[in-house]
Amino acid sequence: MMKIHFIISTLKGGGAERVLSILASEFAKINTYEINVITLNEHKDFYTLHPSVKRISMDFGKIPNHTVKAFFNLSKYYSNKKNRPDLIISFMTLINLITIPIAKFYSIPIIAEEHNSHLRSFKNREFLSKLTKKHLYKRANFLTVLTKFDVPYYTNFGANVVVMPNPCSFPPIKAQEAMDRDKTILAVGNLDRYHHKGFDNLIKFIEPILKSNPEWQLKIVGSGTNGLTILTALVQEHELSNQITFTGFISDISKLMQSSSIFILSSRFEGLPMVLLEAMSQGMACIAYDCKTGPSDIITHKYNGILISNQNASEMQKELQNLIDNKNLRLTIGCNGLKSLKKYHINTIIKNYEELFNKILN
């Protein structure tokens, strides 16, 4: 049995958290792996893991600083040889800051994962982010990134970089299931990250579209308290309360995607947007801003989706209205999307990881 520890901050709602839960559960189904998921901070889990996955929290003790506490607790845990895995897979920049030094100290192989473009800033934690990227990633056995765009940046700092796309978490529907859908436009993301996800701009540019198409609805799916307050005020300001709904977090979002017509990605920046893959797998007609990384890796313009010049609101309005007006176009794009997902299938991703495991352990 190969013992693998997946390590992340929490399993609350988010793309990286969902990816980890999918990967850990899929590896747990293979009888040659023993899988543990370790979180360094305490939070209610939003995602369900395979029953055989052992769940461990490192958020205990009275040290006030979360980073210091996590470093101390994980170090102490691995000081017992029986607790050490054959491999660590660590998610996100500031968690990798903790796990890489510990892994190297205890001679545990480690794959560090980045799930955002290197262009994303961390505001008050920018120094720690740059420290990790420039000085620690070269110490990991491999660093995985979501798109080719990030490879030269990390290679420049000596990291052993591999492109590892997110898996599509839902099995693709059959093409004929994409026929009858509600007149619903869907957007998905954490509401507290509304600037990142572009929800503020979405509400503004979609106003004339919704008001000229009163039978259509926009549903924004995601958790978040402060963001909900801000976005609700914006919806009220634009007098769209009867056409824009905030659903909160939905654990089984595939059902909503199967009944909705258009998926819209309004983000200012992304890594590789998992939710775009999910929407495509459920036969939705997808339209997205061609932000710096992500959408252009997934969408072939006017074949399996619509790519809009980055943050070009007038172009987005024009193409969104075209999708609303043309049911056959929505159906064609949705069906083509279903044909485009082979490289994101979970079996393909698992095989890619196992190739890395062999390189590390041999």
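## Report on a predicted model

Ala103 is buried, with a relative accessible area of 0%. Here buried means under 20% relative accessible area, exposed means over 50%, and partly exposed lies in between, with a 1.4 Å probe and protein chains only. This is a predicted model, in which local features need pLDDT of at least 70, side-chain atom pairs count only at pLDDT 80 or more, and totals for chains, interfaces and linings use all residues. Residues are numbered from 1 along each chain as its sequence is written, and side-chain values use heavy atoms, with hydrogens and water left out.

Ala103 sits in helix α3 (residues 93–105). Helices (H or I, at least four residues) and strands (E, at least two) are DSSP runs, numbered from the N terminus. Not counting residues up to four places away in sequence, Ala103 touches Ile88, Ile108 and Ile110; contact means heavy atoms within 4.5 Å.

The buried residues of α4 are Ser129, Thr132, Lys133 and Leu136. They cover an arc of only 125 degrees around the axis, so they are on the same side of α4. The arc is that of the directions from the helix axis to the C-beta atoms. What covers these buried residues includes α3 and α5 (151–155).

Helix α14 (residues 346–361) has buried residues Ile346, Ile349, Ile350, Tyr353, Leu356, Phe357 and Ile360. Seen down the axis of α14, they fall within an arc of 115 degrees, so they line one face of the helix. An α-helix has 3.6 residues a turn, so residues three or four places apart point the same way. The face of α14 turned away from the buried side carries the exposed residues Asn347, Lys351 and Lys359. The 16 residues of α14 should span 22 Å at 1.5 Å a residue, and the end C-alpha atoms are 22 Å apart, which agrees. The expected span is 1.5 Å times one less than the number of residues.

Some residues that are apart along the chain have the following C-alpha separations.

| Pair | Apart in sequence | C-alpha separation |
|---|---|---|
| Ala103 and Arg139 | 36 residues | 9.5 Å |
| Lys44 and Leu11 | 33 residues | 7.2 Å |
| Ser259 and Arg181 | 78 residues | 4.9 Å |

Lys44 is in the loop between β2 (33–39) and β3 (54–57) and counts as exposed at 66% relative accessibility. Leaving aside residues up to four places away in sequence, Lys44 touches Leu11 and Lys12. Ser259 lies in helix α9 (residues 253–259) and is partly exposed, with a relative accessible area of 24%. Beyond its neighbours within four places in sequence, Ser259 is in contact with Arg181 and Asp182.

Two loop residues have a positive phi. Most residues other than glycine have a negative phi. Met92, in the loop between β4 (87–91) and α3, has a phi near 85 degrees and is partly exposed at 22%. Gln311, in the loop between β13 (306–308) and α12 (313–325), has a phi near 65 degrees and is partly exposed at 30%.

The second largest pocket holds about 430 Å³ of space. Of the 18 residues that line the second largest pocket, the closest to its centre are Ile22, Cys168, Ser169, Phe170 and Pro171. A pocket is found on a 1 Å grid over the protein atoms alone, as an open set of points where a 1.4 Å probe fits, with protein on both sides within 12 Å along at least five of seven lines; lining residues have an atom within 4 Å of a point. Grid points are joined across faces, edges and corners, and the volume is the space filled by probe spheres set on the points. Helix α1 (residues 15–28) gives the most to this lining, with 5 residues.
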